[in-house]
Amino acid sequence: MSFAELRAPVNPEPLRQPDGNGKKAMGALAGIGVLIAKFFGYIKLLLLPLLKLAPFLKTGLSMLVTIGIYGSLYGWKWAVGFVLLIFVHESGHLIVARSFGLKVGAPVFIPFMGAFIALKEAPRNAWIESCVGIGGPVAGAIGSFACHMAGIAFDMPLLVAIGMSGYWLNLFNLIPLGQLDGGRIVTALSPWFWLPGLAIMGWLAVERPNFIIILVILASIPRLISLFKPKTDAQKRYFEIAPAQRWTMGVMYIGLIAGLAIGMFSAQEQLDNWARKPRAPKGAPVVATLARF
């Protein structure tokens, strides 16, 4: 007997063909598979619009939560107005960023921290970064001024108080430090302005201790350290700004600070005048609370 014959099976059984019951089972499984595929297809069709709306839902829900928390402390009318002003501020960042072709996420609100938009790609140079940075305070200043003027026109102190809160918020954001708008704006002037910004924030931390101020200082440390590190050629090119652009941003930055400061003190004077009247204005307690920040 050869080696090949030893390996060959003896009396091999013929292959069985599936009987009628097997065919029915396979058909049933195939049908179930088709139904499952169709089910998930319908689910995808139903969820697709929701996925497209996800950024708006995220913004809307975070706004509602922020309004609820602020409303429990200062009243819902002030909370709605103030959160809408924050939305206007963030919309300014978003519009400018998209005008430069940057991909950005929808605004997300965080109580007592304001809001933020996530840049999905870094600005190409310091000029773009500064333009995106100043877009928010410019829009916020316009919104605050509109509230202020509407409050005077309709004799509504609450609107003036909301406008004053907006002035203060945007002015605080213009401190030239770290991830604040001011820290981004001065990249078009000189990143060394972050050091005076650190001094201002340090003074605020001593005079009016607040966890937000401490958090801003801590978050600014990496950028402050980068000032004293050697720069690569790419980093040097990032901060190369045309003189006309540098002057333009400088004038806008200083002018915005002056305008917000004037608006804030004007609104405070207007509220003080109303407070001297026999009927105390609504919104005054809110301003008094914010003044203790």
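What share of the contacts in the protein chain between residues at least 6 apart in sequence joins residues at least 24 apart? The share is 67%, where contact means heavy atoms within 4.5 Å.

Good morning. The structure is a predicted model, in which local features need pLDDT of at least 70 and side-chain atom pairs count only at pLDDT 80 or more, while totals for chains, interfaces and linings use all residues. Residues are numbered from 1 along each chain as its sequence is written, and side-chain values use heavy atoms, with hydrogens and water left out.

The protein chain holds 11 helices and two strands; these are DSSP runs numbered from the N terminus (helices H or I, at least four residues; strands E, at least two). From the N terminus, the order is α-α-α-β-β-α-α-α-α-α-α-α-α. Of the 293 residues, 39% are buried, that is, under 20% relative accessible area with a 1.4 Å probe, protein chains only.

Let us turn to helix 10. Helix 10 covers residues 243-275, and its 33 residues reach 48 Å from first C-alpha to last, close to the 48 Å expected at 1.5 Å a residue; the expected span is 1.5 Å times one less than the number of residues. Its buried residues include Leu260, Met264 and Trp274.

Helix 5 (residues 157-173) packs against helix 10 at about 150°, with the axes 9 Å apart. Axes are lines fitted to C-alpha atoms over the stretch in contact, and angles run from 0 to 180 degrees between N-to-C directions. The two helices are therefore roughly antiparallel, a term for angles over 145 degrees. Among the residues making this contact are Met164 and Trp168 of helix 5, and Leu260 and Met264 of helix 10.

Definitions and conventions. Buried < 20%, exposed > 50% of the residue type's maximum accessible area, 1.4 Å probe, protein only. Parallel < 35°, antiparallel > 145°, perpendicular 65-115°, else oblique.
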